[in-house]
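Colleague: I am new to this structure and would like to learn how to read its features. Please take me through them in turn.

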Amino acid sequence: MAGSHSKANGPDLVQGIAIADLEDGGKLVGHCGDEQVLLVRRGSEVFAVSATCTHYGGPLVDGLVAEDTVRCPWHHACFDLRTGEALRAPAFSPLACWSVEQREGKIFVVEKRKRTAPVVRDGGAAPERIVIVGGGAAGFAAVETLRREQYQGSITMISDDQAPPVDRPNLSKDYLAGRAPQDWIPLRGEKYYSKNNIDLRLDTKADRIDPRSREVVLSDGSTISYERLLLATGAEPVRLATPGAEQSFVHTLRSFADCKAIIERAANARRCAVLGASFIGLEVAAALRSRGIDVHVVAPDRRPMERVLGPRMGDFIRALHEEKGVVFHLEATAASIDGNKMKLSSGGTLMADFVVAGVGVRPRIGLAEKAGLKLNRGVAVNAFLETSAPGIFAAGDIARWPDPHSGENLRVKHSVAERQGRTAALNMLGHREKFAAVPFFWSQHYDVPINYVGSGSAPRMTQPSMSP
């Protein structure tokens, strides 16, 4: 691979670089005017695209080139080198592209190309009305894909949340830590929905689905008809049965409103008790330490995250958090919460100004159950993400699908939601695309990211590494 260069000392691509400096399959970063550009050579062709991922700005020069695509090294977003199109979540916005000329043994980047509409694939007769129940990542990816595919029919998105779809992983990471501005959080601004003729109904609850009449019945008794329906209702936090857990200073973290409530509480607090030592609990712990809050983590496990990542990683993660000042109370649970006093099952007492419970989530399958859909520790779907009822699809935290890689039926609570939303949208348009993406997720602890790829009892993981 050709070496990468920063904008400050990288080559001026307008002036041209020697073709020999960019070997086949190689990548090179330079600048064109004020913009950073990535050159990629594939055989005799050279592509020029934006050098940073449109998701979180990951350096694409460090990414993987496969055929005519480049994949971000941070969160696996994938882009078409010919068109800049975002092919895989978590990126939705395309890369800018430049025209490239080769002459006299040199490569020249000559001008930025205008965006063109994606090629519309023929999927047969498109439905006139599509309804999406759920305002999370899977639902958003579906509506974004439908309009990107030039679908002209009616789209209604029903969400019982108060905010438009947000980048939920950031709620327990940079935004909660105070390192990300609020405008990072919405997946798209509110104008996006009206501009694209998407009927987004916030703070609206679907009461039931009638597969025979193909209607969604809302809690106010009104109905919305559909030809294709996507269930993307996600998951909800497990609520504590501990005496005192119903008090207002005991928080869970799932929605944008939940996150803002924790931030508001932290503004006048000195100590927090976090219940749970898995992903949400420890990301919350790291974020609150960044705000200068004393954090005590209470969990029944012997080691944090041991059940998912194993004992060696559990010891590593514990040491990392303890180095940052987190105090662990392991092999213990909250027996009761009385004011700012928490009694532990181990017999100790913990004082805290507020509590964040991150003890797990459960899929929201109530609508599917009432509709008589086939369930299997989630909503059972086929390879095309269609449920047992024709015309009803499911994606995200609720969907259990046949994984072609492991041969097992999987339900993953992490990053497949956006990719499943995209696949479900294509199949609602009649494209018959199987969902075959490999599950992955990332977790951020201070300046250490942990990346996990695959699924199984003994997953292969990348080693913890410092963020770029």
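The dialogue below covers aromatic rings, nonpolar cores and strands.

Modeller: This is a predicted model, in which local features need pLDDT of at least 70 and side-chain atom pairs count only at pLDDT 80 or more, while totals for chains, interfaces and linings use all residues. Residues are numbered from 1 along each chain as its sequence is written, and side-chain values use heavy atoms, with hydrogens and water left out.

Colleague: How many aromatic pairs does the structure hold?

Modeller: A pair of aromatic rings is described by the distance of the centres and the angle of the planes. Rings of Phe, Tyr and Trp (its six-membered ring) pair if their centres lie within 6.5 Å; planes under 30 degrees apart count as stacked, over 60 as edge-to-face and the rest as tilted. The structure holds seven such pairs. One of them is edge-to-face and joins phenylalanine 92 to phenylalanine 140, at 5.0 Å centre to centre with 85° between the planes. Phenylalanine 92 is in the loop between β8 (86-88) and β9 (97-103), and phenylalanine 140 is in helix α1 (residues 137-148), 48 residues apart. Helices (H or I, at least four residues) and strands (E, at least two) are DSSP runs, numbered from the N terminus.

Colleague: Are phenylalanine 92 and phenylalanine 140 buried or exposed?

Modeller: Buried means under 20% relative accessible area, exposed over 50%, partly exposed in between (1.4 Å probe, protein chains only). Phenylalanine 92 is buried at 9%, and phenylalanine 140 is buried at 0%. Another edge-to-face pair is tyrosine 175 with phenylalanine 256, at 5.6 Å centre to centre and 65° between the planes. Tyrosine 175 lies in helix α2 (residues 174-177) and phenylalanine 256 in helix α4 (residues 256-266), so this pair ties together parts 81 residues apart in sequence. Tyrosine 175 is buried, with 9% relative accessibility, as is phenylalanine 256, with 6%.

Colleague: Which charged end sits over the ring of phenylalanine 256?

Modeller: A charge sits over a ring if NZ of Lys or CZ of Arg is within 6 Å of the ring centre and within 35 degrees of the ring normal. For phenylalanine 256 the charge belongs to lysine 260, 4.4 Å from the ring centre. Arginine 188 lies over the face of tyrosine 192, 5.6 Å from the ring centre. Tyr192 also belongs to a cluster that ring pairs form with Phe92, Phe140 and Tyr193.

Colleague: Which residues touch the most other members of the largest nonpolar core?

Modeller: In soluble globular proteins, nonpolar side chains tend to be buried together. A nonpolar core is a set of buried Ala, Val, Leu, Ile, Met, Phe, Trp, Tyr and Cys residues joined through side-chain atoms within 4.5 Å. The largest core has 57 residues, and those touching the most other members are Leu176, Leu288, Val295, Val297, Met342 and Phe354. Helix α5 (residues 279-290) gives the largest share, seven residues. A second, separate core has 55 residues, among them Ala141, Ala206, Ile209 and Trp401.

Colleague: How do strands β23 and β24 pair?

Modeller: Two strands pair if DSSP finds at least two bridges between them. Strands β23 (residues 334-338) and β24 (residues 341-344) run antiparallel and are joined by four bridges. Alanine 334 stands opposite leucine 344 in β24. The two strands form a hairpin with two residues between them, and glycine 339 in the turn has a positive phi of about 65°.
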